[in-house]
Amino acid sequence: MVEQYEVKIHNKNKDNIYFGCARHAFKKSLEIINFKKFDTVLMPEFICRDLLSSVNELGGNVIFYPVDKKLRPLSLPINQNIKAILAVNYFGFSQDLSIFKDYSLKNNVFLIEDNAHGYLSSDVDGTMLGTRANLGFTSFRKILPVYDGAILYSNLNNGFNVNEIKKISLRKEKLPLRFRTKNLIRILSKYLKFPFHRYVEILSRCYRYLLTGYYLPMPLIDAEHKIGYDLLMNYNSFLKIQKIDKEKEIERRRKLYEFFLVKLKTLSIDPLYPELPRYTSPYGFPFYSNQNEVKKVSRLAILNGFDCSPWPDLPTEIIDNCPEYYKKLYFIDFLE
Ligand SMILES: Cc1ncc(COP(=O)(O)O)c(C=O)c1O
């Protein structure tokens, strides 16, 4: 049996707490606003299906709002059961919150900022993403090579109880062998300046294809119903995050964005964000394209040590009845 125990360390900040993943942080944000069975959350149609699990575990309902090609809300439905509305900062680019704040005030619902993609990113005024609404959450493992981790911010006076904010509860447990091996190859690639880790990933995808007929991991059947991830963040991930040179990481990401903007100009792709706003730290390079062109982008991405994949795994309720452009978005992931 794997040895696992809980450690508690002092929390220097009274308005945030840590979790194993963003889904747990989202669930906690709903619990804080006293979200009950049959209450409803308003969420964008363009979202990864896993996130529904936070609502479903509480017995709640979701109403979806449509988004345009720039991933801004097209309309925000009104319903008396709606208790919270979720605004998403896609790919680390700040979502304009004014329309959401307006809606939230007029309809007396809580605004929650999903910043799972935007650790280290800020809006044009320099305000950290994830901290701009009543509640907001940010994921670490999408931006840094850590096993897990997410943080929940609250701007509500009565957000967290005293015990929650005084101590950070973390899980002390040896990381899985698969993650440790991947990390070793990643470090080796960085040291030798050759993307071995990407080629290992390709081999592993081919192997998966032979076994299952799918290159990417199959989404879990109950992904929309069960979070299926540890509640507490791993101690190892927590320590690693403290050591990150944030400025350097932001600079690396911004340079990469500019690099791909220029490099991909000759291909027939349509960047989701043709400009890189001040203070934005991009999760990756998102673009609309067709499958043939994506192959060329993927090749270029791999040569530079990065992965390119479609996003998101749409919710079951949305996938068969949505605009075509929801299924044509891809992104180059800047995770090293
Ligand atoms: C926009 C968005 N929000 C939330 C999540 C959930 O993040 P986590 O996997 O850390 O629970 C995801 C997952 O990829 C996501 O893309």
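Trainee: Which classes of residue make up the shell around the ligand?

Mentor: Nonpolar means Ala, Val, Leu, Ile, Met, Phe, Trp, Tyr, Cys or Pro; charged means Asp, Glu, Lys or Arg; the others, Gly among them, are polar. In this shell there are eight nonpolar, two polar and three charged residues. The model is a predicted one, where local features need pLDDT of at least 70 and side-chain atom pairs pLDDT 80 or more, while totals for chains, interfaces and linings use all residues. Residues are numbered from 1 along each chain as its sequence is written.

Trainee: Which residues come nearest to the ligand?

Mentor: A residue is near a molecule if its C-beta atom, placed from the backbone, lies within 6 Å of it. Of the 13 residues around the ligand, the nearest are Cys21, Ala22, Arg23, Ala116 and Ser139.

Trainee: What domains does the chain have?

Mentor: Domain bounds come from an automatic or database assignment. Here it gives domain 1 (3-172) and domain 2 (177-220 + 243-333). Their centres, taken over C-alpha atoms, are separated by 24 Å.

Trainee: How many residues does each domain put into the contact?

Mentor: Two residues are in contact if their C-beta atoms, placed from the backbone, lie within 7 Å. Domain 1 supplies 25 residues and domain 2 supplies 28. On the side of domain 1 that touches domain 2, 13 residues are nonpolar, seven polar and five charged.

Trainee: What does Ile332 touch?

Mentor: Leaving out residues up to four places away in sequence, Ile332 touches Phe260, Gly284, Phe285, Val297, Ala301, Phe306 and Cys308.
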